[in-house]
Amino acid sequence: MHTPAPTAPAHARPRAVHWLITAAATAAVIAGAALLQPATATATQETPTAAEARPAPDPKAATYPLECRGGAPRVVNRATGDLDGDGHPETVAVVRCDAGIGTPPSGIYVLTSPHRVVATLLDPRDGENVTEIAIAGGAVAATLLGYSSDAVARCCPDRTQKVKWQWRNGKFTRSATPDARGV
């Protein structure tokens, strides 16, 4: 006598609908866990709601306190982050005059909405160039190239300095980081 091979019950065979139901249930559990917080949870800073959130200022839409002879100011780098802890992003722009030849000195400007310059961190009259800019931990970090004296050719900076600016007591405070060195 021939016995048919046992078949698995219909509910034990996975089908696409079973995987979809399992994925939906898993997503619901994860979303619920993310929304529910223990009663003892506290936050140190309120996060703005979508209605309160504003986009970071566009550095190309700003007007800079920079006089360029025959050319226009050009944004060469930028970084965005919350510098003053108000929950709204600021933009830090590295700007210099557009020149046909050479690399003119850079300026670093802080912008708030709507595309307004509120602080000058580095004035182009200081004669330095900016090679890196970033915002981390509420501070602006930059690498500056400069010259130790007027005798150094303007083509070849001989000084590198890593600096940062931190918002403290209503103003930006500049400090050098330990990596400052000559080129």
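In what order do the 4 strands of the open sheet lie? The close-ups below, taken from a predicted model, begin with that sheet.

**View 1. The open sheet with antiparallel pairing.** The strand order is β1-β2-β3-β4. At the edges are β1 (73-81) and β4 (116-122), each of which pairs on one side only. On average, neighbouring strands of this sheet are turned by 30 degrees against each other, direction ignored.

**View 2. Pairing of β2 with β3.** Strand β2, residues 90-97, and strand β3, residues 107-112, run antiparallel and are joined by 5 bridges. For V92, the bridge partner in β3 is V110.

**View 3. The loop between β3 and β4, with P114 and H115.** S113 and P114 are joined by a cis peptide bond, with omega at about -5 degrees. H115 is not a glycine, yet its phi is positive, at about 55 degrees.

**View 4. N169 in the loop between β7 and β8.** The strands on either side of this loop are β7 (159-168) and β8 (171-176). N169 has a positive phi of about 50 degrees, although N169 is not a glycine. The relative accessible area of N169 is 82%, so this residue is exposed; the cut-off for exposed is over 50%.

Note on methods
Residues numbered from 1 in each chain as written. Predicted model: local features only at pLDDT ≥ 70, side-chain atom pairs only at ≥ 80, totals over all residues. Heavy atoms only, no water. Pairing = 2+ DSSP bridges. Helix = DSSP H or I, 4+ residues; strand = E, 2+ residues; numbered from the N terminus. Axes fitted to C-alpha atoms, helices over the stretch in contact; angles between N-to-C directions. Buried < 20%, exposed > 50% of the residue type's maximum accessible area, 1.4 Å probe, protein only.
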